[in-house]
Amino acid sequence: MKVGLLRVVGVATAVYGTAVVAVPDLLARPSGLVDEEGRTGQATRTSLRPLAWRDAVSGLAMAMAPDGPALRTATYVRVAADFGDAVLLGATLPGRDRKLAAVAVSVGWGALSVAGLLAGRRREAMRPRAAEPRRG
């Protein structure tokens, strides 16, 4: 597991999530969830804030969880959220280009987290293990 990469992904996610909680337009505009005049409706702002709060909290968990099972669990939650976003936004956003962009961004962040989880596994698997003491 590459802890540093997971911490960076966590901090970036927490910062972005917090920013969208404060200013939902940061997610609404690029997602095409605005009216003809480029304004984000109140219902859309209300709907985006829990999603952004989820990102803020899950990112914070990745940034602060102790190394080991807690960090892995926080990262699994983040990966599930990112890949879930890819599926749901890819299926529901208006316009093909917006769908593709949302899928690319969501899968990209999820893949970064997966890479952080998998990094170092090969080295650990190839490292010789100490011989176990004989029991007797």
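Select helix 4 (residues 69-92) together with helix 5 (residues 96-118), whose axes come within 8 Å and cross at roughly 165°. Helix 4 and helix 5 are therefore roughly antiparallel to each other, where angles under 35 degrees count as roughly parallel, over 145 as roughly antiparallel, 65 to 115 as roughly perpendicular and the rest as oblique. The axes are lines fitted to C-alpha atoms, for helices over the stretch in contact, and the angles run from 0 to 180 degrees between N-to-C directions. The crossing of this pair, helix 4 and helix 5, is left-handed, a word used if the near helix is turned anticlockwise from the far one by less than a right angle, with right-handed used if clockwise. The residues in the contact of helix 4 with helix 5 divide into 13 nonpolar, 6 polar and 5 charged; here Ala, Val, Leu, Ile, Met, Phe, Trp, Tyr, Cys and Pro count as nonpolar, Asp, Glu, Lys and Arg as charged, and the others, Gly among them, as polar.

The model is predicted, so that local features need pLDDT of at least 70 and side-chain atom pairs count only at pLDDT 80 or more, while totals for chains, interfaces and linings use all residues. Residues are numbered from 1 along each chain as its sequence is written, and side-chain values use heavy atoms, with hydrogens and water left out.

Zoom out to the whole protein chain next, which has 6 helices and 0 strands and reads α-α-α-α-α-α along the sequence; helices (H or I, at least four residues) and strands (E, at least two) are DSSP runs, numbered from the N terminus. Of the 136 residues, 29% count as buried, meaning under 20% relative accessible area, with exposed over 50% and partly exposed in between (1.4 Å probe, protein chains only).

On the helix 1 side, select Leu5, Leu6, Val9 and Ala12, which meet Trp109, Leu112, Ser113, Ala115, Gly116 and Leu117 in helix 5, contact meaning heavy atoms within 4.5 Å. The residues of this contact divide into 8 nonpolar, 2 polar and no charged.

Stay on Ala12, which is partly exposed, with a relative accessible area of 31%. From Ala12, step to Asp55, which is 43 residues away in sequence and 9.7 Å away in space, C-alpha to C-alpha.

Asp55 is buried, with a relative accessible area of 10%, and forms a salt bridge with Arg54, the closest N and O atoms being 2.8 Å apart; a salt bridge is a side-chain nitrogen of Lys or Arg within 4 Å of a carboxyl oxygen of Asp or Glu. Arg54 is partly exposed, at a relative accessible area of 30%.

Being 4 residues apart in helix 4, Arg78 and Asp82 are separated by about one helical turn, and both are buried. Salt bridges that share partners join Arg54, Asp55, Arg78, Asp82 and Asp85 into one network.

Finish with Arg39 and Asp35, another salt bridge, with the closest N and O atoms 3.3 Å apart. Asp35 is partly exposed, with a relative accessible area of 28%. By the same rule the count comes to 7 salt bridges.
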